[in-house]
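Here is a short briefing to keep beside the model as you look around.

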Amino acid sequence: MKPFSKLGAMVMTGALAMSATLAHADTIKIGVSYPTPTHAWAAGMNWHAEQAEKRLEALYPDVDMILVNSSDPSAQASALEDLVSVHKIDALVVLPFESEPLTDPVLNVKKSGALITVVDRGLSQPGIEDIYVAGNNPELGRVSAQYMKTRLKSGDNIVVLRGIPTLIDNERFDAFMAEMEGSGVNILDHKHANWNRDDGFEVMQDFLSRFPDIDAVWAQDDDIAIGVVAALKQAGRDGDGMFVVGGAGMKETIKAIMDGETLVPVDVLYPPSMIATAMDVTVAAFKSNGPVAGRYILGATLITPENAASFYFPDSPF
Amino acid sequence: MTLSTANTTAKGRSMKFDVKTAGPAIALILLCIIGFSLNPAFLSEGNLSNLLTRSAFIGIIAIGATFVITAGGIDLSVGSMAAAIAGVMIIIMNNAVDMLGTGVATVLLGCGCSILLGIGAGWINGVLTTKGKIEAFIVTLGTMGIYRSLVTYFADGGTLSLDFAIRGAYRPVYYDSFLGLPIPVWVFIVVSIVGWFLLNRTAFGRYCTAIGSNEGVAKYSAIKVDRVKTITYMIQGLCVSLATIIYVPRLGSASSSTGVLWELEAIAAVIIGGTVLKGGYGRIGGTILGALILTTIGNILNFTDLISNYLNGTMQGLIIIIAVWLQRGDWGKAKASKT
């Protein structure tokens with residue numbers, strides 16, 4: 001339990017939280033808040049959160065998980081208030097919609113005495129969260145570049161398709177470029193394909209018209225990679241050792257890797273299941289005899305035919 | 001005084017009229033010259049065929065939008081409608097595999113359903129606007145949200161994918177060519193010709209223009225305003241379903257990110273082409289050029305690294321404004337009145 005003495009200034013809140021804890025001394029209530037899934041990756045996250053809820057509640061009968069998804073930042077802020085006032089949660093696992101507008105609402109949850117676990121997107125003020133679980137964007141770029149270097153030699157040409165212009169995209173791209181530096185591989189150009197299949201298809205078509213000699217493509221994302229592969233096949237340029245590296249860990253892509261696909265031979269993990277990791281760690285904070293607070297940065301594992309099976313979830317929407 | 005103004009406006013009008021018709025064509029030719037000078041591969045056969053095929057989606061939808069806008073309406077739901085129709089088509093075809101097999105029959109069933117859905121969705125927009133007496137902007141803003149969330153729901157937040165077995169039969173609709181032109185381009189051409197004929201050579205087309213110019217007068221002239229307006233939305237829906245039929249075989253999938261902002265691209269294409277946004281004047285030929293201009297801008301931006309990726313939107317915005325200014329601006333008229 002969190003020490004309430006720290007909250008001396010907030011006697012009221014402290015008293016309320018205390019009575020809440022007393023009333024529900026037998027159950028540990030954990031609120032899990034994340035954006036409403038509107039794209040495949042988020043839908044995968046939603047699925048993994050539901051799986052983790054079932055698994056953890058079966059494992060620990062005294063743990064009660066409350067999953068809430070919200071369609072925009074202000075709805076998420078209200079949802080957090082409800083988790084505190086209605087459900088009187090002991091811990092919160094939150095994937096913030098946006099960092100800025102949710103920093104204060106999360107801080108208020110913390111003031112109620114709850115343990116805070118932040119997933120994927122950090123808050124704009126340090127020190128609020130007790131536990132931080134996130135994927136590793138720079139590592140995704142670096143691992144992709146390392147794989148590229150094993151397949152390419154000096155003088156080969158690649159093109160890069162980027163995501164939506166955001167910090168996430170920049171971190172991935174900068175790390176990729178830094179790792180490629182000095183390899184002698186030419187990066188012909190990079191364009192934004194917005195983590196979208198249609199844009200991936202069109203940008204790749206234009207790259208193919210523009211550059212007669214391309215040896216490999218870094219698509220950064222599995223959705224973009226699907227568009228890229230369609231464009232390569234249309235132009236008949238999918239042979240000659242051409243390969244595409246995506247990222248994220250879409251189940252179709254992983255299945256194809258398991259089946260020995262050569263055009264998309266590997267994938268780099270940025271798993272939606274990180275929400276499950278965060279839920280596990282949060283429960284461990286109540287159940288484990290070891291210390292748990294801290295930062296958990298997940299590896300951007302290179303998925304190859306050898307290890308693909310352990311990342312394949314056929315029932316997940318992603 | 002009155003005489004001289006009358007003279008100048010007459011002179012100005014004839015000049016403006018020339019620029020108005022030629023404006024979009026001039027803009028497109030300029031873009032092509034820029035594209036070619038940046039990279040000669042711009043005019044390669046492969047790129048031109050990519051360009052035309054890509055224009056087909058927005059172009060076909062924009063032809064429908066020309067009718068709606070000419071009759072004084074607006075349809076913001078087309079992008080979401082395309083995504084929802086694509087989603088339902090994929091679900092229907094995947095489920096029909098057991099019954100009809102993986103051949104042409106399943107594909108035809110999917111296409112038939114697509115057309116019914118498109119016309120039905122257009123009818124809903126039309127009836128809510130005319131009989132329901134709600135502004136078209138609000139009706140279609142509402143249906144835009146509904147269709148978009150429906151496709152998210154059908155896909156469980158993820159992506160709906162067409163059964164791989166059907167793709168073999170359906171793929172040619174996007175990727176095959178007939179007489180050197182890809183099939184989607186042929187569909188675009190046929191829709192264009194039918195659309196041009198309908199708007200310029202039939203009573204229905206004149207009714208659209210009349211309603212767009214002045215709905216009250218049109219009503220007193222015994223035009224069945226509600227029916228004509230509803231039909232324009234149904235034409236729009238049909239165009240959306242045709243665009244969807246050629247879109248689905250491209251990547252064989254639909255998700256909540258399918259067709260995002262197509263409505264704005266279609267409206268932009270219509271306006272760049274010279275149709276008046278408040279209705280009363282429509283040009284199918286201009287709409288086709290407008291769609292080509294929009295696709296060409298994106299294509300050229302992919303052909304150069306001179307401009308920062310972050311400024312793509314700026315370039316698109318500037319070119320759209322310049323293209324419309326070329327035909328609307330008073331610059332032709334101003335010169336005439338000075339001399």
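In chain A, 74% of the contacts with a separation of 6 or more are between residues 24 or more positions apart. Please keep in mind that this is a predicted model. Of the 318 residues in chain A, 48% count as buried.

**Chain A as a whole**
- Along its principal axes, the C-alpha trace of chain A spans about 70 × 35 × 35 Å.
- The domain assignment divides chain A into domain 1 (4–135 + 272–287) and domain 2 (137–268).
- Taken over C-alpha atoms, the centres of domain 1 and domain 2 of chain A are separated by 36 Å.

**What the record says**
- An unreviewed UniProt entry carries the annotation "domain: Periplasmic binding protein", and in chain A this covers residues 30–262.
- Over residues 30–262, chain A is 48% helix and 20% strand.

**The nonpolar cores**
- The largest nonpolar core contains 93 residues, and V228(A), I275(A) and M279(A) are those with the most contacts inside it.
- Not counting residues up to four places away in sequence, I275(A) touches Y34(A), M45(A), H48(A), A49(A), L95(A) and V119(A).
- As general background, nonpolar side chains tend to be buried together in soluble globular proteins.

**A closer look at V84(A)**
- V84(A) sits in helix α3 of chain A, which runs over residues 73–85.
- Is V84(A) buried or exposed? V84(A) is buried, because 23 other C-beta atoms lie within 10 Å, and the cut-off for a buried residue is 20 or more.
- Leaving aside neighbours within four places in sequence, the residues in contact with V84(A) are I89(A), V109(A) and S112(A).
- For V84(A) and S112(A), the separation is 28 residues in sequence and 7.3 Å in space, C-alpha to C-alpha.

**Helix α9 of chain A**
- Helix α9 of chain A takes in residues 251–258, and T253(A), I254(A) and I257(A) are buried there.
- The partners that the buried residues of α9(A) pack against are α8 (222–235), β10 (267–268) and β12 (302–303) of chain A.
- After α9(A) comes G260(A), which has a positive phi near 85 degrees.

**Where chain B meets chain A**
- How many residues of chain B are in contact with chain A? There are 25 of them, in contact with 27 residues of chain A.
- On the chain B side, the elements giving two or more residues are α2 (45–70), α11 (225–251), β4 (253–255) and α13 (284–302).
- With four residues, α2(B) makes the largest share of the side of chain B that touches chain A.
- By residue class, that side of chain B has five nonpolar, 16 polar and four charged residues.

How values were computed:
Residues numbered from 1 in each chain as written. Chains lettered and ligands numbered in written order. Predicted model: local features only at pLDDT ≥ 70, side-chain atom pairs only at ≥ 80, totals over all residues. Contact = placed C-beta atoms within 7 Å. Nonpolar A, V, L, I, M, F, W, Y, C, P; charged D, E, K, R; others polar. Core = buried A, V, L, I, M, F, W, Y, C linked by C-beta atoms within 7 Å. Buried ≥ 20, exposed ≤ 12 C-beta atoms within 10 Å, placed from the backbone. UniProt positions renumbered as here; feature names shortened; annotations may be inferred. Domains from an automatic or database assignment.
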